[in-house]
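Good morning, and thank you for making time for this item. I would ask you to keep the structure in view while I go through a few of its features.

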Amino acid sequence: MKTFLNNSMVRRFMMAAAVLAVVAVMTGPAGSTETPTAGFTGSFSERSSFFGFFETVRWVPFLFLAVVFFGLWTTWLARGTQIKSGVSKVMAVPRAATERRPVRWGIGAVLLFVALILPHVISDPFWQAAMVEQIAVYVLLAIGLNVVVGFAGLLDLGFVAFYAIGAYVTAWVTGALPMPPLFGIHMDPFFAIPIAILIVMAAGIVLGVPTLRLRGDYLAIVTLGFGEIITIFANNLYGITGGSQGSSLIPHFSLHIGPIKYAWGLTPVPYYYLTLIFVVLFLAAFSLLEHSRVGRAWTAIREDEVAAESVGINPLKYKVMAFAIGASTAGFAGVVTASQSNNIFPSSFTLSFSINILVLVIFGGMGSIFGVVLGALIIQTGSMYLLHTPPAGYQSSDLYIYLGALLVVMMIFRPAGLVPSRRRRREIVLSKAGEGHPDEVLTGDEP
Amino acid sequence: MTDKIFDVDSVTLRFGGVVSLNDVSLHQNRGEILAVIGPNGAGKTSLFNSLTGVYQPQEGTITFLGRDAKPISIIGKKAHRVSSAGVARTFQASRMFSALTAFENVKIGAESHRGIGVLGAMLKGPATRKGEKASDAKTVELLDFVGLTDRANVISASLSYGDRRRLEIARGLATDPQVLLLDEPAAGTNPSEKVQLTELIRKVRDEMGVSILLIEHDMKLVMSLAERLYVLNFGSVIAQGTPAEIRANDAVIEAYLGASADETKGA
């Protein structure tokens, strides 16, 4: 029996079948209170078409898919996931950074060009709005969380808190809250950007200094709690935040510098370009940061905190810094969202929001800026597509089932993400081979 | 009176009821190659960890006379502060940043004492560029010093044991230390690597003027390298002196062989 289970082919087939069984249940019929198991049994016994060829029960096409999946896994996907070949691959002498630079710049220029012309190609108002609210802003949030999770190796489950603070600061300085605005002046949301970033960074430092001494799971719990606390505050401090009704009076951005006068309005495209400018700025700043001494210090702490301390790196200082930098992007995203949608509600700042951003980072590749951007684009476009043209029986809350399943599959096949960061991939492969310390974000182990 | 660099006075370190260091007093002179030997579990690594701020002894004082011979108390300081004061170390099982190249490992040591400068790093201003250049130059120099120039771009996890020891020494030296603490540098190395390592350690002291404090099990290496030794057993100093004196010391022989010299002779 034991040899049977240890047979890797059998195990792979079992796993492929299990994955497809989950997909079958996810896409299958829903149960009801009278027939609670119907959702499960119906997923396999209901009649459906076999890819349009003939009529059969549902488990037949899914078993077929499981076999195909298994075949792909054993032949193509498995290459490079074996630890042995993985180690020799990551051990190869890395090419100098200067060699890769032209290629990266090339890809970046093409992507930027596509991003610039995209609003002129896509005219569907749903997609134009989604490009700002659900894609550009989420890209920004993902590259911010990547600094915390990917660079510094800190698992932050309360990222939404900083986003909420950014949004509420915007409402405050523009005079849209019951609380009187700063100096009694109703300012333009542009002024909210520096104020929000400063306040959010301060919040990051205040939360970070006592809690970043904790490791792995403990830090995740504390940040999770912080996210909840901010939402509860927003919900209950009627005199300050407006309570559960939030605020609906936040003005749009507008520019008045000498002869230049421009006001952002209800159309999403100008907001898209505004967000794009900041995405590009943050991308440039963070990729320089990654390859600076700060980025190397983060890597050192992630890999071996004791050794990092022994060469004079203060881990707490660097962790707090990562926390504050990540928080500032979330704060900025909060300003953009608040001003673009004109309103904020405490109910939109939920734990699932934080989880959503975390999924973008893990899916894309923790620590890899390019991967995280790509991951955010793919997942957010996909979830917007599901919302826009939902398959039969799809409800918007089903999204998290899909995201969860996607994460499970990613962890099995590409634990380092879609486009892994070189350092991260080396860490994962080496720790599997018993070399060095696996990262606490992935394993929960103390280094 | 000779110029001291480390002065350890009646240090006691306990973990719950276990006494790891018991009233240990010792000192190191500036520019000296000093060794601490003793059987397994004698408290050698605990002593190192206390000297570098990793452990905090409950009693006693540890004074480090670093740059300008200014006395600094080690107890109560965090490890990174001790490193900034001028104490570098290596680890018993070498602790590299295994996913980084040899070059990056040393560079991290070279740049860790400069201010953080996040804004400078994000904008890549002239000061940041200058700092990068300086650390690159220092890294190249140190890799050459320990003889790892041709391995600079190799991922540190794929280096041999001997090369890892050298890399750890280079990383420690990159922090501009006054004293370098080596925890069993010869463990896991082959005989020819041992010879090279001995030469390297001596070169660090002679050419860089860095004092060396050494823990080692390889007696041949210790006796040829150290100018003075302390012997620890069950957390206490049982002997000190020159290599020749230690070789002839009855208490040391007893600690290592488990019976007193007289008993051995009598039997």
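Let me begin with a definition: two strands count as paired if DSSP finds at least two bridges between them. Please also bear in mind that this is a predicted model.

With that, consider the strands of chain B. Strand S1, residues 4-15, and strand S4, residues 59-65, run antiparallel and are joined by five bridges. Within this pairing, B:Phe6 stands opposite B:Phe64 of S4(B). S4(B) also pairs with strand S5, residues 71-73 of chain B, again in the antiparallel sense, over three bridges. Here B:Phe64 stands opposite B:Ile72 of S5(B). The hairpin of S4(B) and S5(B) has five residues between the strands, and B:Asp68 takes a positive phi near 60°.

I turn next to the contact between the chains. Chain B and chain A contribute 33 residues each. On the side of chain B, helices H2 (79-85), H3 (102-111) and H4 (118-123) each supply at least two residues. H3(B) gives the most, with five residues. By class, that side of chain B has 13 nonpolar, 13 polar and seven charged residues.

Finally, a helix pair in chain A. The axes of H16, residues 351-364, and H17, residues 369-388, come within 7 Å and cross at roughly 120°. H16(A) is therefore oblique to H17(A), and the crossing is right-handed. Among the residues that meet are A:Val359 and A:Phe363 from H16(A), and A:Val372 and A:Ile379 from H17(A). This contact comprises nine nonpolar, three polar and no charged residues.

Notes:
Residues numbered from 1 in each chain as written. Chains lettered and ligands numbered in written order. Predicted model: local features only at pLDDT ≥ 70, side-chain atom pairs only at ≥ 80, totals over all residues. Helix = DSSP H or I, 4+ residues; strand = E, 2+ residues; numbered from the N terminus. Contact = placed C-beta atoms within 7 Å. Nonpolar A, V, L, I, M, F, W, Y, C, P; charged D, E, K, R; others polar. Axes fitted to C-alpha atoms, helices over the stretch in contact; angles between N-to-C directions. Parallel < 35°, antiparallel > 145°, perpendicular 65-115°, else oblique. Left-handed = near helix turned anticlockwise from the far one by under 90°.
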